[in-house]
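Me: I want to learn how to read charged contacts in a model. Can you walk me through a case?

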Amino acid sequence: MNFLRVFLLFSTVLIYSMTLIASLSDGINWPSVATNDLIAFNWRSQFDTDFLIYLLLGATWITWREGFTAKGHYYAFLSVFLGGMFSFPYLLLATFKADGDPRKVLLGIHFTRSCDEVDCDR
């Protein structure tokens, strides 16, 4: 779990740094850049489409993990529009809230103490 935490911390610093550099050099109009990339129908379009689907999958997991609450939907929105700038710190915080238990990290509110008492591997 410590390796994951270090990786998430490094990734957070890296993505914020890259965002700052890109904003300073190209401006903050990322929706225009992303849209133009998507409609170009080239390899950047393929990569961006793949990434967008990945973001939506991650947002779906976050919403489910949070129990389909308003908070979960808000977090999902942030994870799609901010990507790793939100998701990496979210996961890092989740590892601490779960006391390093990967089941708690993955299941969120769906984890119950009964999983410790009975066989939850089914």
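Reply: Start with burial. Buried means under 20% relative accessible area, exposed means over 50%, and partly exposed lies in between. Keep in mind that this is a predicted model.

Me: How many salt bridges does the structure hold?

Reply: There are four salt bridges. A contact counts when a side-chain nitrogen of Lys or Arg is within 4 Å of a carboxyl oxygen of Asp or Glu.

Me: Which residue forms a salt bridge with D37?

Reply: The partner is R44. The closest N and O atoms of D37 and R44 are 3.1 Å apart.

Me: Is D37 buried or exposed?

Reply: D37 is buried, because its relative accessibility is 14%. R44 has a relative accessible area of 52%, so R44 is exposed.

Me: Which residues form salt bridges with E66?

Reply: E66 pairs with R65, with the closest N and O atoms 3.5 Å apart. E66 also pairs with K71, where the closest N and O atoms are 3.5 Å apart.

Me: Where do R65 and E66 fall, buried or exposed?

Reply: R65 counts as buried at 8% relative accessibility. E66 has 9% relative accessibility, so E66 is buried too.

Me: What does K71 count as?

Reply: K71 is partly exposed, because its relative accessibility is 44%.

Technical notes: Residues numbered from 1 in each chain as written. Predicted model: local features only at pLDDT ≥ 70, side-chain atom pairs only at ≥ 80, totals over all residues. Heavy atoms only, no water. Buried < 20%, exposed > 50% of the residue type's maximum accessible area, 1.4 Å probe, protein only.
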